[in-house]
Amino acid sequence: MANTTGLIVTEFAGSVGLLLAVLVEVGALLGNGALLVVVLRTPGLQDMLYLVHLCIVDLLAATSIMPLSLLAAPPPGLGRVRLGPVPCHAARFLSAALLPACTLGVAALGLARYHFIAHPLQPAGRPAPRLVLTAVWATAGLLGALSLLGPPPAPPPAPARCSVLVGGLGPFRPLWALLVFALPALLLLSTYGSIFLVARRAALRPPLPSRGVRLRSDSLDSRLSFLPTLRPRLPGGKAVLAPALAVGQFAACWLPYGCACLAPAARAAEAEATVTWVAYSAFAAHPFLYGLLQRPVRLALGRLTRRALPQVPQAWHPQALLQRLKGPPEGPALGSSEAPLQARELAGGLSLSLPETT
């Protein structure tokens, strides 16, 4: 009885995990595809190249390593398909290369936004986006090549060891965790912390008096008008939202995977499916976090949505429909030339009747 109950619970957990994984896969594909279309059709975005790079990396991951994880995740995971030697090495290489490209690309995007906000008038001090992204992909390719030095896939009774968590070399896994998680986390903390400080400093700065404004008098009422309101508020409260969301999402998605890389291989194999899909959920969260939080992207998305949807006829607008329901006015409408004439006739008749009454 206990074995049957445990088997039912395991199958239920596997079904729920499969459903959540499919939702993450669909969200990553649809969200990144829509954001890529919007960004490409919105000229003038300052960090356009970094956003396009992030969307492409997320789409590559959603079409390669995420389906492989759906098919060949270890038990009690999601799939039961066993990969051969060549697909196993390919899955390990793609996982070891695309994850650094994603995390380092997020860090590069945060660094670019810091330069745009803190030093908007100094474009010469910003690193070229192509140079930064070339360094990102060179690091990702190097880590992917190093992952191939791990042990070959195990024979059928044992797990295939096709991921970085359980298939990489012993010294490689801590180095990979340092470059993929620790370095981007430090860059994100420093850049978004600096962005918050800049925004808070700008909120605390008093506004400059506009030209042509008359100076206030030195009366008591004038002095009282300069007093702050009694309601307490935190300057720069809105500015903390985007940095907190970016850093919190990065820590929630990637910290478990980084800790699993530092754990022994046996412990990492037990939590491989869970921490892997928690990390993969970042691919579905990026379009909302780095796309929809930007006002130009939201405006462009609304404009493209209005163009794509069919136009509503004028007769079905609320005001026109209400006028149709009310019907025509009771009396005949006066034209523009008839109204003054009728007014003059009324005025003349009134003046003629005044002597008679007198």
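In which helix is the place of L292? L292 lies in helix α11, which spans residues 272–292; helices (H or I, at least four residues) and strands (E, at least two) are DSSP runs, numbered from the N terminus. The model is predicted: local features need pLDDT of at least 70, side-chain atom pairs count only at pLDDT 80 or more, and totals for chains, interfaces and linings use all residues. Residues are numbered from 1 along each chain as its sequence is written, and side-chain values use heavy atoms, with hydrogens and water left out.

L292 is partly exposed, at a relative accessible area of 31% (buried is under 20%, exposed over 50%, partly exposed in between; 1.4 Å probe, protein chains only). Its contacts (heavy atoms within 4.5 Å), leaving aside residues up to four places away in sequence, are P287, R298 and L301. L35 is 257 residues from L292 in sequence, yet the two C-alpha atoms are 8.5 Å apart.

S95, in helix α4, is buried, with a relative accessible area of 5%. Beyond residues up to four places away in sequence, S95 touches I65, P100, V164, W176, Y257 and Y280.

Residues 93–116 and 175–199 are among the spans that the unreviewed UniProt entry annotates as "transmembrane region"; UniProt positions follow the numbering used here, feature names are shortened, and annotations may be inferred rather than shown by experiment. Residues 93–116 are 100% helix, with end C-alpha atoms 34 Å apart. Residues 175–199 are 100% helix, with end C-alpha atoms 35 Å apart.
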